[in-house]
There are 2 protein chains.
Amino acid sequence: MTKLLSQIHTITDGNIATPKGFHADGQHVGLKHKSKDLGWIYSDVPASVAGVFTTNQVQAAPVQLDKNVIQNGQIQAIIVNSGNANAVTGAIGLTHAKTMQAVTAAQLNISPELVAVSSTGVIGQPLPIDTVTAGIAQLYIDGDADSFAEAIKTTDTVKKTITIQSEIAGHQVTMSGVAKGSGMIHPNMATMLGFITTDVSITPSLLQTALSADVETSFNQITIDGDTSTNDTVLVMANGGAQNPPITTENDDFSQFKVMLNTVTTALAIAIANDGEGATKLLTVTVNHAQDGLGARMVAKKIVGSSLVKTAMFGQDPNWGRIIAAIGASGVNINPDIIDISLNGITVMSAGAPIDFDAQQMSEQLAQHDIDIAIDLHDGTATGQAWGSDLTYGYVKINALYTT
Amino acid sequence: MTKLLSQIHTITDGNIATPKGFHADGQHVGLKHKSKDLGWIYSDVPASVAGVFTTNQVQAAPVQLDKNVIQNGQIQAIIVNSGNANAVTGAIGLTHAKTMQAVTAAQLNISPELVAVSSTGVIGQPLPIDTVTAGIAQLYIDGDADSFAEAIKTTDTVKKTITIQSEIAGHQVTMSGVAKGSGMIHPNMATMLGFITTDVSITPSLLQTALSADVETSFNQITIDGDTSTNDTVLVMANGGAQNPPITTENDDFSQFKVMLNTVTTALAIAIANDGEGATKLLTVTVNHAQDGLGARMVAKKIVGSSLVKTAMFGQDPNWGRIIAAIGASGVNINPDIIDISLNGITVMSAGAPIDFDAQQMSEQLAQHDIDIAIDLHDGTATGQAWGSDLTYGYVKINALYTT
């Protein structure tokens, strides 16, 4: 018997330190030319931790470090720099990541194994460790928590945050998330970072269960072209400050927690897609009536990752032939003769055949910023979504002129 | 005991009708605004045929037709139009393809089942069949054979042909190939077509064996981003006009034939990569010391298909971090700590760590049209290659403004 879920509402002026017992700061310490480039999150007490990391066989030093750190089930702080990914820097990379961890721990007077480390920026250049360690000394526990979201940006044009509140077992609980990534679709730095804090009390193993399942429908649905990063990291800290009865089994409280988590991760995922490098449009692909959720998500991801679909949307061109071609190449078993396709509600293909549409009406729709591509496979009951951006001159410019 | 292979030389003024007993023509019949848009190849006698087709589940009508046609092992003619792909056009599509086949057969006074049909162009618009059938009446058996390569172009900027000669069992044999596709890397029409004629005498089954193996290292190594076409087709006709002892077993003559075939297919594959939509550069990726050929090809393909690598090369930016990230995400088991990477002969990464290089020298190399990316996996003895083009403003322009 499932009870009704408690309402979830957004705290518009929240930040990563809004959940009880969390603190954060972000500063400019000299890794980038001018903008903020170092930040941390700190919890008054050790928090349950869960993480998901890149599946790339080439893994940045901080990813290697964090995979060990979260084995203990608890962390108390996360230190993050932008401007340098500390990836593919040889053996010195792990030494640098450990130095970041140790210096942060000393500054906060906690054990090093309670500190996770993240880096994002250019690959293959040694981390300027002296700049980082000097910078850590400049961070405050009760700093400007809003600045953390700024400090982790690279080519992001906006900061990406969301804070929500709800109730679990009669206790008010808060969850906040921050992410960076200007185009997971075609990652520039090839890095997406996400950090989520909550004052919910939950065991590390259930936290990991929730996160691992969640990313399949949220962040992973904006990982489109297989250009998997060396640094991708999502960490969740849950410090129990809300004093709800600890979530230790997959009960109704756990269900409520999963819905909160999905609200935060989906909002951040869409924010990343919306801020794709050079993007002029947000593409949302919804696949209905698939045989299973995985298949629905695969089809959605294939469409939103197609360079041909992305350039067509940039050109406001209803070239749906590229969409059906992407569906056919998705690796999911489909029957092209029964599929429908619509663009912002206008049907362009029905039962596998072209449908005449009003060109003027279509033109108005494709001029919108938000483009919804809807597919009906007529083959089951499952649904899946994926998000991305269009492929533009701006994307080429940003990525052609990055390191030099 | 393998004998030395006979020398292979190129016939610079050859065309698809140079092998004995072949004829071809190409005309403008009104499917496109101005340029040639209909052509055929005809053999004096039925020829052994082999074909490979798109793996997309959405298959254009002519692909569906040809898959049946080649089951008989012989064809005598191929009719090809550009300007319309006859794909995703509903049930009428197959009717139109069969009409093309029947009208061509009548015109040539041969049986319809000896005629293969190919189409390339926009997806989802009904083929203007009256224009096509009226056009077929305008084709000549001994027409301008050079025009065939023109008639199958879409956004291709140059025609792609090669003709070679060699000896098999003391007989002079000729093989000629023509292809279209302006960027299989990111196909625009999502179509690559290839037609190869030869006067070698060989059984249909050995011809198919040779072709199926060959495309794995040639055309498939420019099929990079998974945007598999609805129309991709490669057909080989071998009419026996050279009067060599028929190749009926995998003997030395067969080996010689395979080398000839690979010479033609690789040249056409590279020509397609070199004419990629909006391309300013030809990228050749060579992977050495892999555990097996498939792994080597997968790594090479992943690199040359990475939007990040392609934009970096357009920007003449030695951003090798994107190359190692692509290697790590290739799905092939690798050890990043022992890999070397070089760009046009300049080592940028050695044993997994950055190598200082002369910036001026690198800058001169990346200004070249031909960029060679060489990877040493230090993990075996196999080699693989892939070819592609850079990702440019021109690519976005061409694909943003296609149908409208």
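# Close-up views of a predicted two-chain model

**View 1. Two domains of chain A, side by side.** The C-alpha centres of domain 1 of chain A and domain 2 of chain A lie 32 Å apart. Domain 1 covers residues 11-274 and domain 2 covers residues 282-400 of chain A, with bounds that come from an automatic or database domain assignment. What you see here is a predicted model, in which local features need pLDDT of at least 70, side-chain atom pairs count only at pLDDT 80 or more, and totals for chains, interfaces and linings use all residues. Residues are numbered from 1 along each chain as its sequence is written, chains are lettered from A and ligands numbered from 1 in the order in which they are written, and side-chain values use heavy atoms, with hydrogens and water left out.

**View 2. Where the two domains of chain A touch.** How many residues of each domain take part? On the domain 1 side of chain A there are 16 residues, in contact with 17 residues of domain 2 of chain A; contact means heavy atoms within 4.5 Å. Between them, domain 1 and domain 2 of chain A bury about 1400 Å², and 60% of this lies on carbon and sulfur atoms. Buried area is the accessible area (1.4 Å probe) that two parts lose on being put together, summed over both. Six residue pairs are in polar contact between these domains of chain A (both at pLDDT 80 or more). A polar contact is a pair of N or O atoms within 3.5 Å; within protein, one must be able to donate a hydrogen and the other to accept it, and residues adjacent in sequence count only if both atoms are side-chain atoms. On the side of domain 1 of chain A that touches domain 2 of chain A, α5 (204-217) and α6 (252-274) of chain A are the elements that give two or more residues. Helix α6(A) gives the largest share of that side, four residues. Helices (H or I, at least four residues) and strands (E, at least two) are DSSP runs, numbered from the N terminus.

**View 3. The meeting of chain A and chain B.** Here 53 residues from chain A and 53 residues from chain B form the contact. The two chains bury about 4100 Å² between them, of which carbon and sulfur atoms give 58%. Look for Q57(A), L308(A) and Y393(A), which supply 15% of the area that chain A buries against chain B, more than any other three residues. There are zero salt bridges between chain A and chain B, a salt bridge being a side-chain nitrogen of Lys or Arg within 4 Å of a carboxyl oxygen of Asp or Glu. Polar contacts do link the chains, with eight residue pairs counted (both at pLDDT 80 or more). The elements giving two or more residues to the side of chain A that touches chain B are α8 (307-314), α9 (321-328), β13 (353-354) and α11 (393-400) of chain A. The largest share of that side, six residues, comes from α11(A).

**View 4. Looking for the rotation axis.** Two copies of a chain are related by a rotation about an axis and a shift along it.

View 5. N86(B) sits in the loop between β4 (74-84) and α2 (92-108) of chain B. Is N86(B) buried or exposed? N86(B) is buried, with a relative accessible area of 1%; buried means under 20% relative accessible area, exposed over 50%, partly exposed in between (1.4 Å probe, protein chains only). Its side chain makes a polar contact with the side chain of T89(B) (3.1 Å). Not counting residues up to four places away in sequence, the residues that N86(B) touches include A60(B), P62(B), H96(B) and L127(B).

**View 6. T104(B) inside chain B.** T104(B) belongs to helix α2 of chain B and is buried, with a relative accessible area of 0%. Leaving aside neighbours within four places in sequence, T104(B) is in contact with W40(B), I79(B), V115(B) and I136(B).

**View 7. Two loop residues with positive phi.** N344(A) has a phi near 45°, a positive value in a residue other than glycine. N344(A) lies in the loop between β11 (340-343) and β12 (346-350) of chain A, and is buried at 16% relative accessible area. Q243(B), also not a glycine, has a positive phi of about 60°. The loop between β9 (233-238) and α6 (252-274) of chain B holds Q243(B), which counts as exposed at 62% relative accessibility.
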